[in-house]
Amino acid sequence: MSGSNMQENNEVRAEAMQADDAGREAGTRQSAARAIDLPDDAMVILPVRNMVLFPGMILPLTIGREGSIAAAQQAVRSERPIGLLLQKDASAENPAAEDLNGLGTVAQILRYVTTQDGGHHIICQGQERFVVREFLPGYPFLVARVDRFADGGTVSQDVEARFIQLKRRAAEALELLPQAPQELAGAMQNFTSPGGLADMVAGLLDIKLEEKQQLLETLNVQTRLDRVLEMLARRIEVLKLSKEIDERTKESVDKRQREFMLREQLKTIQKELGEGEEEGSDLADLEKAIDEAGMPEEVEAHARKELKRLARIPEASAEYSMARTYVDWLVELPWKATPQTEIDLAEARRILDEDHFGLEKIKKRILEFLAVRKLNPQGKSPILCFVGPPGVGKTSLGQSIAKALGRKFTRVALGGVHDESEIRGHRRTYVGALPGTIIQALKKAGSREAVMMLDEIDKVGLGGFHGDPNSALLEVLDPEQNHNFRDNYLGVPFDLSRVTFIATANMLDTIPGPLRDRMEIIQLPGYTQEEKLQIARKYLVKRQLEQNGLTPEKLDITDEALRRVISDYTREAGVRNLEREIGSLCRSAAVKIAGGDVEHVRMDAAQLEEILGPARFENEVAQRTSVPGVATGLAWTPVGGDILFIEASRTPGSGRLILTGQLGDVMKESAQAALTLVKSRAAELGIDPAALDKADVHVHVPAGAIPKDGPSAGVAMFMALSSLLANRNVRHDVAMTGEISLRGLVLPVGGIKEKVLAAMRAGITTVMLPRRNQKDLQDVPQEARERLRFVWLETVDDAMRTALVSFEKSEAPEPALAD
């Protein structure tokens with residue numbers, strides 16, 4: 001129900017009661033003209049669009065089509081009612097019978113008015129419903145035989161109840177309308193016909209044209225009342241919500257006006273008391289801060305312009321706080337260069353040795369970096385990216401560089417960043433906008449010569465409708481561009497060329513090529529067991545003692561205990577889990593000391609099982625490879641190297657190759673190539689080629705829930721299949737890696753250092769590597785080179801001679817019996 005509909009109906013009633021001279025003249029001329037004879041049961045049909053007239057309502061109509069004008073004039077001449085039918089398609093200019101709805105309203109034309117511009121208007125009053133039986137041809141307008149329907153008969157109790165409810169709900173709706181005329185409410189309450197009231201309310205309801213036509217076609221009064229009540233209830237809820245919103249808006253506006261008046265009065269009072277200089281002093285402080293900030297000329301001019309704009313904005317305005325925050329950001333950023341201490345390479349070396357054990361190659365590169373900085377302070381330094389598994393000391397290396405440079409250190413976590421605005425900042429048009437993380441970190445550091453660590457750069461989200469954060473980082477990390485970095489929030493250039501950027505990552509595959517090209521990659525593959533022991537003794541134990549309130553005099557952890565923790569309770573490239581286990585030992589000792597049981601605790605290997613539980617890792621290589629068809633491979637993962645068991649089994653079948661264990665496409669192709677190579681060497685291995693066509697070979701790589709891919713398992717798959725088909729074991733202390741070709745060549749692979757360290761952690765004594773990877777041995781720690789025997793492979797024949805046990809030695813041992 002809408003106020004506009006009601007107002008329009010009142011105007012129509014007033015117009016219908018007034019005598020318009022032009023209308024009277026037109027009516028006189030039309031009455032005098034000759035009317036066309038129509039059958040008694042026929043009725044002139046007037047097609048209408050975009051309106052439905054209900055019985056009892058009065059509405060004006062503008063007619064312009066020739067057929068419609070002729071139909072209206074015929075109805076006026078013959079003093080007969082006219083039938084209004086709604087068009088199904090409002091765009092049809094000359095609707096035929098099939099373009100009209102079959103049920104409409106019989107209407108009496110109260111007035112026919114022509115205007116000076118040639119327009120034709122009629123005022124109609126709905127009388128009753130009708131249904132078209134048939135259309136009659138041969139007339140200049142639409143004529144149809146119709147059946148009329150009028151609401152009547154006795155009113156049942158159900159209809160009476162709905163009639164009363166509709167009166168009450170209609171009155172409720174009128175109260176919610178701000179401009180509802182009083183006489184309309186009285187007219188509705190005086191209705192005695194339930195159907196008439198339903199038609200009146202339906203005509204006033206602000207609903208779709210199709211819904212009004214459905215109500216018109218509802219001949220059953222009870223059903224019509226139900227539908228009108230349902231629609232009216234929905235409309236009332238909308239009106240209530242609209243009224244509530246209007247009241248809240250008005251209340252908010254009134255509150256602002258009241259606050260404005262009070263603030264103006266407060267200013268007057270403060271001025272009389274001599275206290276009105278506070279705002280001026282704030283602006284003076286900002287102007288002084290701009291003078292002392294050391295901004296570039298372009299930025300300073302922009303800041304002063306914003307300060308003048310701020311002075312013109314009333315304090316009560318919502319824009320004031322946004323403008324003030326922006327000026328505060330400008331004056332608080334570190335625009336000026338800070339004095340730098342001279343780099344002492346000897347002190348830098350001492351700091352690196354004090355904070356980190358081993359990592360000689362990485363320390364050497366860092367000292368080179370510092371030496372160049374010392375000789376050319378204004379030069380463009382490379383952007384270092386430390387890549388390695390978790391817990392190997394990437395972040396702490398960045399902190400050591402900052403300490404050696406005498407600069408402030410700040411860290412930006414990039415993991416999960418998926419919005420370009422988190423790097424470049426949000427534009428000030430958004431509510432709550434802020435600069436990006438780069439500018440925020442520099443403000444926090446308070447120096448533009450800070451060392452900024454971009455942590456987890458390999459975990460930046462992919463670009464989407466929020467923009468690509470990797471593309472934003474290109475500008476940040478490009479020495480040719482970052483001297484003029486423009487944050488979206490600041491809108492002015494900021495020089496990032498003096499910032500020393502250091503990135504960290506676990507893997508390189510997820511870093512886009514252009515971004516990787518901006519950085520110098522430094523690999524931190526992991527530590528040997530001896531290095532972990534030294535790290536634990538020098539750093540981890542000391543740190544955990546301090547965190548748990550202990551001293552070396554109160555707790556002594558033996559080297560043998562630490563070795564057992566490293567080998568039996570942790571198996572990782574870094575030392576993060578090792579520190580956690582040492583923390584568990586410290587807490588166990590703290591309970592005993594704090595309880596007064598003892599004053600000193602000595603922790604040895606025998607106590608570990610009681611505190612940490614049974615050993616979590618054991619040397620399972622010998623058990624897994626004690627039968628033919630199992631080989632030990634070496635794999636690279638983002639968290640370091642690992643060993644990989646390749647298992648093969650043979651069953652009766654048709655010569656199929658079955659692969660399981662979530663293998664990727666490359667690994668599947670390696671398995672197929674390995675099987676083909678084994679078949680080509682069947683004679684050398686003593687295998688009957690005919691037997692292979694009658695058996696299915698199943699290759700499985702355990703840990704089936706973990707996806708695996710890569711070419712480096714080719715040698716291991718070949719050895720597993722050779723062992724299975726030749727019925728000869730693979731030596732349990734041998735691990736291998738390398739890609740194979742169909743000619744039997746062993747091709748080079750990557751990740752040699754990580755794989756060798758993983759073999760040493762697993763208790764392997766012999767490692768078979770491609771000969772073309774021999775140059776990578778210099779990256780392997782000295783301890784690993786001394787403890788392991790390396791076999792260099794040119795062809796798979798070298799692998800078979802080293803790894804396959806002779807048949808007479810391959811008898812399976814008797815199974816162990818449980819206690």
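Me: Which residues form the covered face of strand E8?

Reply: This is a predicted model, in which local features need pLDDT of at least 70 and side-chain atom pairs count only at pLDDT 80 or more, while totals for chains, interfaces and linings use all residues. Residues are numbered from 1 along each chain as its sequence is written, and side-chain values use heavy atoms, with hydrogens and water left out. In a regular strand the side chains alternate between the two faces of the sheet. In E8 (residues 409-413), a strand being a DSSP run of E with at least two residues, numbered from the N terminus, the uncovered face holds Phe-409, Arg-411 and Ala-413, and the covered face holds Thr-410 and Val-412.

Me: Which residue in E9 stands opposite Arg-411?

Reply: Strand E8 runs parallel to strand E9 (residues 451-455), and 5 bridges join them; two strands pair if DSSP finds at least two bridges between them. Opposite Arg-411 in this pairing stands Met-453.

Me: Is Glu-172 buried or exposed?

Reply: Glu-172 lies in helix H4 (residues 157-176), where a helix is a DSSP run of H or I with at least four residues. Buried means under 20% relative accessible area, exposed over 50% and partly exposed in between, with a 1.4 Å probe and protein chains only. The relative accessible area of Glu-172 is 19%, so this residue is buried.

Me: How many residues of helix H6 are buried?

Reply: Helix H6 covers residues 194-204 and is mostly covered. Among its buried residues are Pro-194, Asp-199 and Leu-204. The count for H6 is 11 of 11.

Me: What is the handedness of the crossing of H27 and H30?

Reply: Residues that meet here include Phe-718 in H27 and Met-800 in H30. A crossing is left-handed if the near helix is turned anticlockwise from the far one by less than a right angle, and right-handed if clockwise. The crossing of H27 and H30 is right-handed.

Key. Contact means heavy atoms within 4.5 Å.
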